[in-house]
Amino acid sequence: MQMSGEKDVVKAYVRYLKLQRNMSGNTLDAYQRDLRKLLDYLEREQKSVRDVELADLEHFSAGLHDIGIHPRSQCRILSGVRSFFKFLQLDGYRDDDPTELLESPQIGDHLPEVLTTEEVDRLEASIDLSKWEGHRNRAIIEVLFSCGLRVSELVNLKLSDLYINEEYVRVMGKGLKERLVPISHKAIDELQNWFYDRNLMKIKPGEEDFVFLNRRGAHLTRTMILIIIKSQAKDAGIQKTISPHTLRHSFATALLEGGADLRFIQVLLGHEDIGTTEIYTHIDTSTLRQEVLEHHPRNMKNKN
């Protein structure tokens, strides 16, 4: 929720753009439209601009890609975001600038990084299963790759969202929109291996339903997932710059290359554009499951 104080900050920023940056009316409107995208995202996340961290901005940036915004437009939006936070630091609203390490997407013919199935296998094979967190981390990587979840959806995944016998996961996406995503046998196996360790843990009150926990018995954060993925990529000798979103993108790319219809992929990813909403009303979950069974490498390998 955007507090009145927050609105005052935005007004001060617009005044700064108009008077000190001497922006034209059209440019000023464009900056405000782009800033609105960030503010809407923060409102949904119940975050104040004073409390935003790099991880929040990385998640916002990944969301721009998720809804199909062109890399050039993503760069423009993130440029405006940087301008906004530099102003907040300059005017004393914040002591730091969380955009300093925020990366922009590559422009041109360069595509976002994608992991092949073999690279995902390498990622998982590099995990030391003698460590307490070994099976948990394998399950995290496999669920991200097999189900294409956003990192926020993964950290909020509940035991009550898993329909193991039916081989589905219930996902609460952006705007509290619910969707059902098929889950592979490999992901189920990795989860069950993790549950053996999880059942031996002392879990904090109120955290019992979360699937993925830290060693203190509380659910993981998005930042922790990012650290796990980057660390594991280094151990696996993977040179690509990857994040949890890379596994989501790899899920979609694997399906597309396997021959799945782009419309089905949009639904499985939980995209929010109006076209996807219309599609969702016409595609039932049994058809979605068939697409994943036929076109995702984790399932194709199981075919005899």
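Let's start with Y163. In this predicted model, Y163 has a bridge partner in strand β2, and that partner is Y168. The pairing between β1 and β2 is antiparallel and takes in two bridges.

Together, β1 and β2 make a hairpin, with four residues sitting between the two strands. Take a look at E167 in that turn: its phi is positive, at about 60°.

## From β2 across to β3

Now follow β2, residues 168–172, over to β3. These two strands run antiparallel as well, and five bridges join them.

## The whole sheet

If you're wondering what links strands in general, they pair through backbone hydrogen bonds, either parallel or antiparallel.

## Two helices packed together

Next up is a pair of helices. Two packed helices are described by the angle between their axes and the distance between the axes. Here, α5 covers residues 117–125 and α6 covers residues 134–147. They pack at an angle of about 165°, and their axes are 9 Å apart. An angle over 145 degrees counts as roughly antiparallel, so that is how α5 and α6 lie relative to each other. Their crossing is right-handed.

Which residues of α5 and α6 meet? On the α5 side, they are T117, V120, L123 and E124. On the α6 side, look for R138, I141, E142 and F145. Sorted by class, this contact has four nonpolar residues, one polar residue and three charged residues.

## How confident is the prediction?

Across the chain, the pLDDT averages 83, and 84% of the residues score at least 70. One stretch to treat separately is residues 274–284, where the pLDDT is below 50. Even so, beyond near neighbours in sequence, residues 274–284 have 15 contacts in the model.

Definitions and conventions. Residues numbered from 1 in each chain as written. Predicted model: local features only at pLDDT ≥ 70, side-chain atom pairs only at ≥ 80, totals over all residues. Heavy atoms only, no water. Pairing = 2+ DSSP bridges. pLDDT = per-residue confidence, 0-100. Contact = heavy atoms within 4.5 Å. Axes fitted to C-alpha atoms, helices over the stretch in contact; angles between N-to-C directions. Parallel < 35°, antiparallel > 145°, perpendicular 65-115°, else oblique. Left-handed = near helix turned anticlockwise from the far one by under 90°. Nonpolar A, V, L, I, M, F, W, Y, C, P; charged D, E, K, R; others polar.
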